[in-house]
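Subject: Structure handover

Hi,

Here is the structure I promised to pass on. Please have a look at it first; my notes follow below.

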Amino acid sequence: MVKNIFITLLCFNWFSTTIAQDNQTEKDIKDWKIKTAVSFAPGFLTENTKTIQLQGYLGFVQGKIELRGDAFYFLNSFGDRPRFNMNHQLFAGAFYRFLPEKQFQPYLGFQPGIAMSQSSEFGVINFDTQELEYKITYNPVGSIATGFDFFGEKWFYLFTEARYIFGKHKSDSYPVYLDEFRLSFGLGFTF
Amino acid sequence: MLYKKSVFFYLFLMSNLAFSQKNYAEKGNIELGLRTTTSVFGHDPYNGLGIGGQTRVQITDYLNTEWFADWITIDLAGAGTRENSHIGWSVLFYPKKMGKFIPYAIAGHCFDYARVTPLSTPYLNRTNDVISRWSSAVQMGLGSHYYLTDKFNLTFSAQYMMHLGKQLQYELVESTNGYYLETFPELKADERLESHLLLTLSLNYKIADLW
């Protein structure tokens, strides 16, 4: 186990130091740059349940700091307990970029956010219509995210990211955890 | 073990002092930030999670002000939801700056809106049992900035917040199926003190240096 971790770290170090050549000039690093990307993001919930989200983000990078807003549009969920009809999310926060001068740029960040969610399980009776209503509510969430960008060309980059989202859907009925592990990867555009 | 930790912490502080020639948190700085907040040890024994934001306007090199708003939701044992919204301001005092690491004492005032919504079910609609109130509060505590760059800092603070206002009349009653949230919207409540601890982590970015 320790050996595997050691080998992984060695590979990571080799990749980041030898393959990733410097391609950012000092001016590039000091200037503000805009990053934007769209991606599909699969998510993993408890009880063998998965979600699919459409992700889009807009980031502003200067040196080692990236200020970034992310939007996730809930497309669908499936598995043993698909618990939401709706779970759109907005995040805004900051990322620390460890190697801003390299092609390969790992980062780590934190983003508070808000979820617009609707349970598919717990409704409340409306006595006038005699129908169950599933209330849409807004709930605070937080997320920790890590990943890397790989700048192959001046305008484009590849990215891979993993994030853990925590929070709870609260409405006028039973609360439901919004906790989710989410992956995303794709192509981004920077200028 | 404690001795080693103390030495490590001291070396960490010294490295901040030695290697960071820049001055951080100077007068005239204007910062914008986002925060995530958790509320603990409040009226109910359940933790809340919230988001918000703040603007900092630094008056002198050792005195800063923070203008904030946040919104916290608390799950009341699955029997209902409590929402707290704060809007207010605080003064931050920096007794000693240690390079990138700047501890501070904080105190201030805010207004608070709280609402409690009991759980409804397919057989029971309790929309009419929702209760709410406005109150005023004071808060004080300790915190620290850590500057990752000359413009960007992470801040953690712990503040004890004390509300003065009409008490929200509700009670969690344990039953065989868990908890039931009893609310008393018709009762005329007394003025009471209510307090809780706010733990806040924020990300802040300097947008201007005005004086």
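A definition to start: a residue is called buried when its relative accessible area is under 20%, exposed when that area is over 50%, and partly exposed in between. Please also keep in mind that this is a predicted model.

Chain B, two backbone points

Begin with Ala25(B). Its relative accessible area is 2%, which is under 20%, so Ala25(B) is buried. Ala25(B) sits in the loop that links helix H1 (2-19) to strand S1 (29-40) of chain B. Its phi is near 55°. That is a positive value, and Ala25(B) is not a glycine.

Next, Ala77(B). Here too phi is positive, at about 55°, in a residue that is not a glycine. The loop in question runs between strand S3 (63-75) and strand S4 (80-93) of chain B. Is Ala77(B) buried or partly exposed? Its relative accessibility is 28%, so Ala77(B) counts as partly exposed.

Now turn to chain A.

Phe189(A) belongs to strand S11. Its relative accessible area is 32%, so Phe189(A) is partly exposed.

Best wishes

Conventions:
Residues are numbered from 1 along each chain as its sequence is written. Chains are lettered from A and ligands numbered from 1 in the order in which they are written. This is a predicted model: local features need pLDDT of at least 70, side-chain atom pairs count only at pLDDT 80 or more; totals for chains, interfaces and linings use all residues. Side-chain values use heavy atoms; hydrogens and water are left out. Helices (H or I, at least four residues) and strands (E, at least two) are DSSP runs, numbered from the N terminus. Buried means under 20% relative accessible area, exposed over 50%, partly exposed in between (1.4 Å probe, protein chains only).
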